Amino acid sequence: MDLIEAIRQRRSVRKYRPEPVPKKDIYLMLEAARLAPSGVNSQPWKFKVITDPEIKELVFKASRSQFQIREAPAVILVCADTMAYSKELKIRYKQLMDDGILTEDDIKYAGVKDLLTEDEEKELAAYEHRAVFNTAIATEHMALTATSVGLGTCWVHLFEKEEIRRIFKLPSWLIPVTLLTVGYPEELPEPRPRKSMEEILL
């Protein structure tokens with residue numbers, strides 16, 4: 001399936017068949033996420049594949065009992081890793097400047113003072129919005145890859161973040177962003193209406 005066809009066929013799937021998702025397909029999805037673009041190549045994401053029924057039940061309860069969490073054979077927890085904006089960011093910015101891709105003026109325009117000061121490193125939460133923005137790109141890479149191999153997915157945003165943090169013992173710098181359910185669709189919803197090209201162009 002080519003890319004545009006996968007985009008056309010992608011749906012938010014909430015009903016799944018019970019058979020497990022092949023590990024090779026999960027790996028392919030994660031590989032697509034790994035290759036996703038990110039600002040300054042920060043790659044601010046971490047993933048947890050959940051297939052254990054007991055753990056999945058805890059996640060189901062933490063996600064306001066959304067039935068697709070329970071039905072899907074696999075769920076991928078997507079986290080934004082704000083630690084990606086610590087000292088490692090200085091190295092990446094220096095590499096980009098050494099390669100002539102960025103200048104010091106570019107760095108200042110981006111709002112990064114001397115790359116990152118010690119105080120800024122202690123306040124990684126300030127970079128949460130950047131990390132979340134980039135993890136969304138990686139997540140959609142996974143969703144489209146899943147579609148291309150006959151799997152369905154659904155983004156789940158309504159969940160108790162602190163409960164998810166407790167279940168997986170997440171450190172403070174990992175921000176739970178979404179739960180991506182994965183499995184073979186029991187049924188494919190009809191496509192939802194989309195705005196015309198004329199409506200979206202300025």
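The mean positions of the 30 positive and 32 negative charges of the protein chain lie 4 Å apart, with Lys and Arg counted as positive, Asp and Glu as negative, and His and the chain ends not counted; each charge is placed at NZ of Lys, CZ of Arg, CG of Asp or CD of Glu. The model is predicted, local features requiring pLDDT of at least 70 and side-chain atom pairs pLDDT 80 or more, whereas totals for chains, interfaces and linings use all residues. Residues are numbered from 1 along each chain as its sequence is written, and side-chain values use heavy atoms, with hydrogens and water left out.

The protein chain contains 10 helices and four strands, taken as DSSP runs (H or I, at least four residues, for helices; E, at least two, for strands) numbered from the N terminus. Of its 202 residues, 42% are buried (under 20% relative accessible area, 1.4 Å probe, protein chains only).

One aromatic pair is present in the structure (ring centres within 6.5 Å, using the six-membered ring for Trp; stacked if the planes are under 30 degrees apart). Tyr85 and Tyr127 form this stacked pair, at 5.4 Å centre to centre and 10° between the planes. The pair links distant parts of the chain, 42 residues apart: Tyr85 lies in the loop between β2 (74–81) and α5 (87–98), and Tyr127 in the loop between α7 (118–122) and α8. Tyr85 is buried at 3% relative accessible area, and Tyr127 is buried at 6%.

Helix α8 (residues 128–148) includes Thr139, which is buried with a relative accessible area of 0%. Beyond its neighbours within four places in sequence, Thr139 contacts Val78, Trp155, Thr178 and Leu180 (heavy atoms within 4.5 Å).

Technical notes:
Buried means under 20% relative accessible area, exposed over 50%, partly exposed in between (1.4 Å probe, protein chains only). Rings of Phe, Tyr and Trp (its six-membered ring) pair if their centres lie within 6.5 Å; planes under 30 degrees apart count as stacked, over 60 as edge-to-face and the rest as tilted.
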